Amino acid sequence: MKPTIKIDYISDVACPWCAVGLGNLNKAIAQLSDRANFEIHFHPFELNPNMPLCRRSHYL
């Protein structure tokens, strides 16, 4: 029986590095899928909650 690894993935949808990290995580899971099961729980996070609304369009 394979062990289950639980992963809490916390990211901001506007963060390009979060997308890079998720891509690397998916590659690692694919490489280890024969040795373990994975449960990924996605959680939102806002990198800069104080950013003015008029500036948000520059980051998206």
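How many aromatic pairs does the structure hold? The structure holds one aromatic pair, described below.

## Basis of the model

This is a predicted model, in which local features need pLDDT of at least 70 and side-chain atom pairs count only at pLDDT 80 or more, while totals for chains, interfaces and linings use all residues. Residues are numbered from 1 along each chain as its sequence is written, and side-chain values use heavy atoms, with hydrogens and water left out.

## Strands and crossover

Strands E1 (residues 4-11) and E2 (residues 37-44) run parallel and are joined by eight bridges; strands pair if DSSP finds at least two bridges between them. Helices (H or I, at least four residues) and strands (E, at least two) are DSSP runs, numbered from the N terminus. Ile10 stands opposite His43 in E2.

From E1 the chain passes through helix H1 (residues 16-32) to E2 in a right-handed β-α-β crossover (clockwise from the first strand over the helix to the second, with the strands pointing away from the viewer).

Tyr9 in strand E1 and Phe42 in strand E2 are 33 residues apart. Their rings are edge-to-face, at 5.7 Å centre to centre with 70 degrees between the planes (ring centres within 6.5 Å; planes under 30 degrees apart are stacked, over 60 edge-to-face, the rest tilted). Tyr9 is buried, with a relative accessible area of 12%, whereas Phe42 is exposed at 54% (buried is under 20%, exposed over 50%, partly exposed in between, with a 1.4 Å probe and protein chains only).

## Nonpolar core

Ile7, Tyr9, Cys15, Cys18, Leu25 and Ile29 form the largest nonpolar core (buried Ala, Val, Leu, Ile, Met, Phe, Trp, Tyr and Cys residues joined through side-chain atoms within 4.5 Å). H1 gives the largest share, three residues.

Note on methods. Phe/Tyr/Trp six-rings, centres within 6.5 Å; stacked < 30°, edge-to-face > 60°.
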